[in-house]
Amino acid sequence: MEILLLVVAGLFMILGILGSFLPVLPGVPLSWIGLLIFYLIPGVGINYLFLGITLAVAILFYVLNLIIPAMGTKKFGGSRKGMIGATIGLIIGIFAPFPFAILICPFIGAFIGEILNKSTSKVAGKAAFGSFLGLLASSFMEFVVTFAFLILFLYQFWSYKDIIF
């Protein structure tokens, strides 16, 4: 039972890190669920303070992850279509077979979205850049938090390895 819970917790940690790049998956909440599952392993005492603090961090960064791309888009005069285009571009960039696709495709997607919404390419380019920066900042921030949760998970695992095995 302990090994099964440990494996499931580890899978949630990995999904959390993947979620920092894939907009479909909520990375930080998934990583926090991995921490919670770890503490459900029999013999590992539930640390409510640790779980409470990490839950507060997870909620804060989840909300920021929703706000930051919109702030970047609005700051540079963008629209909702530009943000949607950047997200679609990011998904395409993950699977595209050329180098730096994950960086290029969100910008192209945001540009196309802004062209569909705006009349001039100069305005669309500026707004696309804002969408792109907001999306990158949000993804980077989410990656840092999920990676920190992974480090905490590994530290806690190391502390309780004798109980689990």
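1. The span of residues 35-64 is 73% helix and 0% strand, and its end C-alpha atoms lie 21 Å apart. Helices (H or I, at least four residues) and strands (E, at least two) are DSSP runs, numbered from the N terminus. The model is predicted: local features need pLDDT of at least 70 and side-chain atom pairs pLDDT 80 or more, while totals for chains, interfaces and linings use all residues. Residues are numbered from 1 along each chain as its sequence is written, and side-chain values use heavy atoms, without hydrogens and water.

2. The unreviewed UniProt entry annotates residues 35-64, 84-112 and 132-155 as "transmembrane region"; such annotations may be inferred rather than shown by experiment. Over residues 84-112, the end C-alpha atoms are 10 Å apart, with 83% helix and 0% strand.

3. Glu114 is placed in helix 5 (residues 101-117). Beyond neighbours within four places in sequence, Glu114 contacts Thr73, Gly78, Ser79, Gly82, Ala124, Ala127, Ala128 and Ser131, contact meaning heavy atoms within 4.5 Å.

4. The axes of helix 1 (residues 2-19) and helix 6 (residues 121-159) come within 8 Å and cross at roughly 160 degrees; axes are lines fitted to C-alpha atoms over the stretch in contact, with angles from 0 to 180 degrees between N-to-C directions. The two helices are therefore roughly antiparallel, a term for angles over 145 degrees.

5. In helix 1, the residues that meet helix 6 include Leu6, Met13 and Ile17; those of helix 6 include Phe143, Leu150 and Phe157.

How values were computed: Angles under 35 degrees count as roughly parallel, over 145 as roughly antiparallel, 65 to 115 as roughly perpendicular and the rest as oblique.
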